[in-house]
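Work through the exercises below with the sequence and the 3D structure at hand. Try each task before reading its solution.

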Amino acid sequence: MKIAIIGQGYVGLTISAFASAHFKVLGFDNNAKIVDQLNSGISHIEGVDSSLIAKAVASGNYRASSNGSDIAGSDVVVIAVPTPLTKYRKPDLAYIEAACTTIAENLSGSALIINESTSFPGTIRNFIKPLIEKLSAQQLDHMYAISPERVDPGRTDWDQKNTPRLYSGLTPEASKKTREFYSTFCDNLVEVSSPEVAEAAKLFENTFRQVNIALVNEFAQISHALGISVHETLEAANTKPYGFMKFNPSAGVGGHCIPVDPSYLAHVAAAKGVPATFIERANEVNLEMPKYIVARVAADNGGTLSGKSVQVIGVAYKPNVADTRETPAELVIDELKRQGAKVNWHDPVVGSWQGETSSALGASDIAIVVTLHDAIDKQAVLHSSPYVFDTTGNLKGAKGL
Ligand SMILES: NC(=O)c1ccc[n+]([C@@H]2O[C@H](COP(=O)([O-])OP(=O)(O)OC[C@H]3O[C@@H](n4cnc5c(N)ncnc54)[C@H](O)[C@@H]3O)[C@@H](O)[C@H]2O)c1
C-alpha cells in the first residue's frame with residue numbers, strides 16, 4: 001500500500017514515522033525547506049527522532065515531497081494540516097481546502113481519505129467530501145473517514161501505539177479500511193457510530209481541559225483574595241479519591257489545540273442556536289491571566305513596573321518542549337512592556353523566538369516564571385532577582401499564584 005500524508009508537522013510527521021515501518025509513505029508538505037531537511041534524515045519535530053526519519057528514508061519506505069503529483073497512486077491519504085482560527089476567532093479551513101485541492105488534482109484512482117486535522121462535526125461529510133468531488137476532474141469512488149489525532153508533544157508515556165484512537169468512516173467499508181490501516185501501528189482502536197461523534201469527541205476533550213484550566217485560574221484569584229494558598233487547597237481537595245480531578249493554575253493556555261479547538265465547538269453550537277457560554281467565559285479567563293499576573297507583580301513592587309528590568313523565564317507554552325504557538329508568555333511580555341517595564345526573556349529549550357535569541361539567566365529587578373523546563377536551574381532563578389514570581393507552583397521560595 002502507498003500512503004500519502006498531507007502536512008509533515010507535529011501530527012503528520014509522527015504518523016509518517018510510525019506508518020513507514022509498515023508501508024511506503026509519501027510525506028507531502030508545501031514547505032520545501034522542511035521537505036529537504038526530511039529527505040536528508042533531519043526531523044524538525046520534537047518527539048520524532050531524526051534517526052527514525054533517516055532510517056525510514058534509507059529503507060526507501062519514506063520520502064518527503066512538495067510536489068502534489070507525487071501523491072498519485074496512493075491507497076490511503078491522511079490529511080494533517082493546521083486548523084487555526086481567523087482573526088475573528090472563527091474556524092479557518094483554508095489549509096484543509098488546500099489539501100483537498102491537492103488530493104482532487106492528483107489522485108487518479110480511488111483511495112481512502114482520512115482526516116486527522118481537528119475540526120467541527122460535519123467536516124468530513126459536508127466539507128471535505130463534497131469539495132474533493134467538486135474539484136476532481138473525474139468522479140472517483142473515494143472512501144472517507146475521520147480519526148482525530150491525540151498526540152501530546154513531548155509526552156513519552158502515551159504515544160501513537162498505546163493511545164486509544166477514535167475512528168469512523170462515512171460507510172462501513174471506509175470504517176473497516178481505516179481500522180486495517182491504523183491497526184498496523186496502534187494497539188487500541190475505538191470505532192464510534194459516525195464521523196460526527198469522533199469529530200465532536202476530539203473537540204470536547206480539549207474543551208474539558210480549557211474549561212477546567214479556566215476554572216482553576218479563576219479559583220487561584222479567589223484563593224489569593226481569601227489569603228489562602230491555591231496549591232495547598234488543591235492538594236487538599238485532591239485527597240478525595242473520587243469525583244475530583246486536579247488542574248493547576250498557570251499563565252493561561254497555549255499550543256495548537258486548547259486555545260483553538262473549543263472555538264470550533266462554539267462555532268457549530270452558534271450555528272445551531274445553542275449557547276456555548278462556558279467556552280466563551282473560559283477563553284476570557286485564560287486570556288486575562290497574563291494581565292492578572294502582571295497586576296500582582298506590579299502591586300508587590302510599589303504599584304509600578306515603569307523602568308524596571310523584568311526577565312520572563314520560559315516562553316514555551318508548556319515545560320520541556322520548544323513550542324511557542326499561542327504561548328501566554330507573549331501576552332505577559334506585551335503587558336509588561338505596556339506598563340513600561342524593560343523586558344527580556346530566558347528559555348534554553350526555545351533558544352530563538354520572534355527574531356530574538358534567549359538571554360542568559362541574568363540579574364534583573366524582577367523575574368517572572370511562565371514555564372519551568374527541567375533544563376532551567378531553579379536555584380539560579382531564585383538568585384537571579386530580588387523578586388521572583390512563579391506562575392507554575394513549582395518553585396519553592398518564590399512568590400506566585
Ligand atoms: N500538535 C498537536 O499537538 C496536535 C494534537 C492533536 C491534533 N492536532 C491537530 O492536527 C492538525 C495539524 O496540526 P500540527 O500540530 O501537526 O500542525 P503543524 O503546524 O505542526 O504542521 C502542519 C504542516 O502542514 C503543512 N501544510 C500546511 N498546509 C499544507 C498544504 N495545503 N499541503 C501540504 N502541507 C501543508 C505545514 O507546512 C506544516 O508543516 C491540526 O488540525 C491540529 O489541531 C494537533
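**Exercise 1. How many aromatic pairs does the count give, and how is the pair of Phe-208 and Phe-247 classified?**

Solution. The model is a predicted one. Step 1: the count comes to 8 aromatic pairs. Step 2: for Phe-208 and Phe-247, the ring centres are 5.9 Å apart and the planes make an angle of 65°. Step 3: centres within 6.5 Å make a pair, and planes over 60 degrees apart count as edge-to-face. Phe-208 and Phe-247 therefore form an edge-to-face pair. Step 4: the pair links distant parts of the chain, with Phe-208 in helix H7 and Phe-247 in the loop between helix H8 (230–237) and helix H9 (261–271), 39 residues apart.

**Exercise 2. Decide whether Phe-208 and Phe-247 are buried, partly exposed or exposed.**

Solution. Step 1: buried means under 20% relative accessible area, exposed means over 50%, and partly exposed lies in between. Step 2: Phe-208 has 34% relative accessibility, so Phe-208 counts as partly exposed. Step 3: Phe-247 has 8%, so Phe-247 counts as buried.

**Exercise 3. Classify the ring pair of Trp-345 and Trp-353, then the accessibility of each residue.**

Solution. Step 1: the ring centres of Trp-345 and Trp-353 lie 5.5 Å apart and the planes stand at 80°, so this pair is edge-to-face. Step 2: Trp-345 is buried because its relative accessibility is 4%. Step 3: Trp-353, at 8%, is buried as well.

**Exercise 4. Where is His-224 found, and which residues does it touch?**

Solution. Step 1: His-224 is found in helix H7, which covers residues 195–226. Step 2: leaving out residues up to four places away in sequence, His-224 touches Tyr-292 and Arg-296. Step 3: the C-alpha atoms of His-224 and Gly-400 are 9.7 Å apart in space, although 176 residues separate them in sequence. Step 4: the relative accessibility of His-224 is 42%, so His-224 counts as partly exposed.

**Exercise 5. Describe the surroundings of the ligand.**

Solution. Step 1: the ligand is surrounded by 27 residues, and Tyr-10, Val-11, Asp-29, Thr-83 and Thr-118 are the closest. Step 2: by class, this shell has 14 nonpolar, 9 polar and 4 charged residues. Step 3: helix H4 gives the largest share of the shell, 3 residues. Step 4: one oxygen atom of the ligand is 2.6 Å from an N or O atom in the side chain of Asp-29. An oxygen atom of the ligand is also 2.5 Å from an N or O atom in the side chain of Thr-83. Step 5: the ligand taken alone exposes 830 Å², and the protein buries 91% of that.

Definitions and conventions:
Residues numbered from 1 in each chain as written. Predicted model: local features only at pLDDT ≥ 70, side-chain atom pairs only at ≥ 80, totals over all residues. Heavy atoms only, no water. Near = heavy atom within 4 Å. Polar contact = N/O pair within 3.5 Å; in protein donor to acceptor, adjacent residues only side chain to side chain. Areas by Shrake-Rupley, 256 points an atom, 1.4 Å probe, with all protein chains shown as cover. Helix = DSSP H or I, 4+ residues; strand = E, 2+ residues; numbered from the N terminus. Nonpolar A, V, L, I, M, F, W, Y, C, P; charged D, E, K, R; others polar. Buried < 20%, exposed > 50% of the residue type's maximum accessible area, 1.4 Å probe, protein only. Contact = heavy atoms within 4.5 Å. Phe/Tyr/Trp six-rings, centres within 6.5 Å; stacked < 30°, edge-to-face > 60°.
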